[in-house]
Amino acid sequence: MTPPFWAPYKAADSSPSVIGSPLSTFALDRVSAHFPEAVVERYVDRAGGAWAVIHPDSLPKVAAFLKNDAELEFKLFGSIDGVDRLHLAESDPRFEVVYFLYSFKRHEHVRLKVRVSEHQPVIPSLATLYRGANWWERLTFDFYGIRFEGHPDLRRILLYDEFQGHPLRKDYALRDRQPLIPERPIKDIFRGPGTSGHS
Amino acid sequence: MADSHTFDAKGHNPDTDGSLPPEGSELEAHLQSKHMVINMGPSHPATHGTVRLKVELDGETIVKIDPEIGFLHRGFQKSCENVTWTQCLPYTDRLNYLSAMMNNFGFLNAVEKLIGLEIPERAQYIRVIGSELHRLTDHLTCVGATGLEMGGFAPFLYGMEARELIQDRVTELTGARLTTSFGRVGGINRDLPEGWADKVHKTLTRTEELLVEMDGLLTRNRIFVDRTKNTGVISAEDAIDYGWTGPALRACGIDHDLRKAHPYWVYERFNFSVAVGEHGDNYDRYLVRMEEMRQSISIIRQALETIPAGPIIVDDWRIALPPKPEVYGTIEGVMAHFKLVMEGIQVPPGECYDATEASNGELGWYLVSDGRGRPYKVHVRAPGFPVLAAVPHIIEGKMLADLIPTFDTINMIGGEVEQ
């Protein structure tokens with residue numbers, strides 16, 4: 001056993017270079033060069049992945065550039081998800097939406113991020129640019145209540161229409177239950193009797 | 001009685017005067033029909049899980065289809081956010097219960113990237129072996145079920161025999177048949193059992209024999225070919241646009257496999273080829289899966305031959321549990337064990353996206369840590385999710401009977417799609 005186990009694990013204890021060289025920033029450099037006003041922030045994460053924070057209004061044109069530019073061709077749609085930053089050190093604006101695209105030409109993922117506030121969680125939809133975005137945007141809407149403007153069919157995808165609130169927001173309680181059919185009170189030896197939350 | 005025959009204005013009664021009905025009678029008239037809406041699922045045997053497909057039919061042609069998912073939603077992400085990093089492992093099993101180890105290892109790989117940790121070589125080999133074993137079980141079930149639903153029960157039984165043999169080996173390795181919860185952050189929690197490699201070699205030999213049987217029963221079977229060839233066709237451009245990965249994308253002719261494109265663990269040391277189809281139809285997806293199984297067998301054999309000796313988990317008590325003699329014999333061991341179990345691994349604050357090639361495609365993880373010992377966010381990019389999203393595009397305008405093989409060969413897994 002080499003390092004002392006009682007000390008907290010510090011970021012400096014390991015360097016991302018252990019895993020491999022930092023991933024290429026070529027795609028995001030090109031985005032920055034073409035749309036300097038669209039890129040709010042650039043940074044590299046712990047695993048060496050390059051990120052760009054994009055202004056919400058500029059997202060469609062940045063995504064279209066990434067998809068159609070002859071040197072980039074990020075055509076394979078990866079995924080979309082949200083992050084509720086309520087309990088993080090930096091929590092304003094509250095929501096982040098992350099986008100992952102893949103390019104067969106560059107053989108890499110590109111990581112984009114858009115930040116929106118709690119009061120106006122609206123982002124332009126990419127569903128017309130990438131058909132794959134359709135369901136992922138519905139998922140993000142379902143989980144976080146972020147609305148995608150221009151989406152053809154923005155409704156819940158996993159939860160039912162009667163569901164109140166958005167379960168992955170950090171202020172949604174873990175055991176908040178909303179059954180469609182009233183639950184019978186069950187004596188739960190671990191969590192105490194009865195149901196909790198809405199019942 | 002007489003009243004029932006007086007429908008004809010001219011008094012013509014085919015029952016009594018024996019003449020042929022005049023032109024334009026009811027028999028020649030266009031059969032009035034309207035679109036019919038039927039429900040497949042949520043608990044239909046052919047939906048492999050709990051998907052409700054609302055299908056609008058014109059005769060037997062599908063006019064519109066709306067997949068409704070979420071019946072299997074268990075709150076995967078919310079659950080993970082409220083437990084320690086190690087405790088997430090059982091949840092990842094249940095994303096795809098036929099290839100649980102791939103989900104385990106994919107998640108662990110992402111956590112290790114976030115920490116900045118390199119795992120011992122032997123652990124990397126064991127992860128490759130485990131992943132490929134579970135790729136076999138997943139594909140065997142998919143191909144077997146496809147045969148079953150095309151009317152052939154025997155291929156399914158051959159597939160199940162091979163699957164059960166492999167799952168016996170998995171049980172010997174991990175202690176569980178389906179929900180393995182195998183591996184820990186920093187490596188593997190238990191080493192290969194004694195004599196296990198020989199058993200695996202025997203199992204692989206038998207699996208190869210069974211694959212030959214399945215191949216003989218399906219690949220040139222007239223009924224099977226008729227129902228799968230040129231059905232469920234998707235072009236490569238559309239598949240990419242929807243975000244397809246894995247065997248379903250390779251069947252469209254795109255040579256993309258993360259094991260080759262971004263080799264993780266020790267995959268670059270093995271000699272294997274990526275199966276690529278051509279037409280993007282159900283038959284090619286079936287062929288790609290069959291070939292991938294042969295390649296997986298080859299990878300497992302190479303890995304078992306070249307696996308090095310050595311530690312299976314990192315020697316760092318902030319990440320891996322100390323060896324049991326230390327826990328029972330020294331105060332430091334007890335403390336490290338206690339802190340790991342009670343507080344969990346203190347993953348430094350940060351974020352990362354990492355993906356591995358699971359049996360059905362790119363299994364991506366976007367993890368955020370706030371440094372408090374629990375995941376702040378666990379995003380999983382389930383490979384089946386974009387595949388299912390493209391089903392309406394593939395199947396609208398086609399026959400209802402084409403829906404069954406299409407749904408089989410895309411192999412959508414309810415557990416991961418519905419989280």
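1. Read along the sequence, chain A runs α-β-β-α-β-β-β-β-α-β-β-β, a total of three helices and nine strands. Helices (H or I, at least four residues) and strands (E, at least two) are DSSP runs, numbered from the N terminus.

2. This is a predicted model, in which local features need pLDDT of at least 70 and side-chain atom pairs count only at pLDDT 80 or more, while totals for chains, interfaces and linings use all residues. Residues are numbered from 1 along each chain as its sequence is written, chains are lettered from A in the order in which they are written, and side-chain values use heavy atoms, with hydrogens and water left out.

3. Of the 199 residues in chain A, 49% are buried, that is, under 20% relative accessible area with a 1.4 Å probe, protein chains only. Taking contacts (heavy atoms within 4.5 Å) in chain A between residues at least 6 apart in sequence, 50% join residues at least 24 apart.

4. Chain A contributes 64 residues to its contact with chain B, and chain B contributes 63 residues. The two chains bury about 5,300 Å² between them, 62% of it on carbon and sulfur atoms; buried area is the accessible area (1.4 Å probe) that two parts lose on being put together, summed over both.

5. Between chain A and chain B there are 28 residue pairs in polar contact, both residues at pLDDT 80 or more. A polar contact is a pair of N or O atoms within 3.5 Å; within protein, one must be able to donate a hydrogen and the other to accept it, and residues adjacent in sequence count only if both atoms are side-chain atoms. On the side of chain A that touches chain B, β3 (76–84), β4 (95–103), β5 (108–116) and α3 (133–144) of chain A each supply at least two residues. The largest share, nine residues, comes from β3(A).

6. Seven salt bridges are counted between chain A and chain B, a salt bridge being a side-chain nitrogen of Lys or Arg within 4 Å of a carboxyl oxygen of Asp or Glu. A:Arg131 forms a salt bridge with B:Asp241, with 3.1 Å between the closest N and O atoms.

7. A:Arg138, in helix α3 of chain A, deserves a separate remark. A:Arg138 is buried yet has no salt bridge, and the nearest side chain of opposite charge, A:Asp153, is 4.3 Å away. A polar atom of the A:Arg138 side chain lies 3.2 Å from the backbone oxygen of A:Arg156. Leaving aside residues up to four places away in sequence, A:Arg138 touches A:His151, A:Asp153, A:Leu154, A:Arg155, A:Arg156 and A:Ile157.

Methods:
Buried < 20%, exposed > 50% of the residue type's maximum accessible area, 1.4 Å probe, protein only. Lys, Arg positive; Asp, Glu negative; His and termini not counted.
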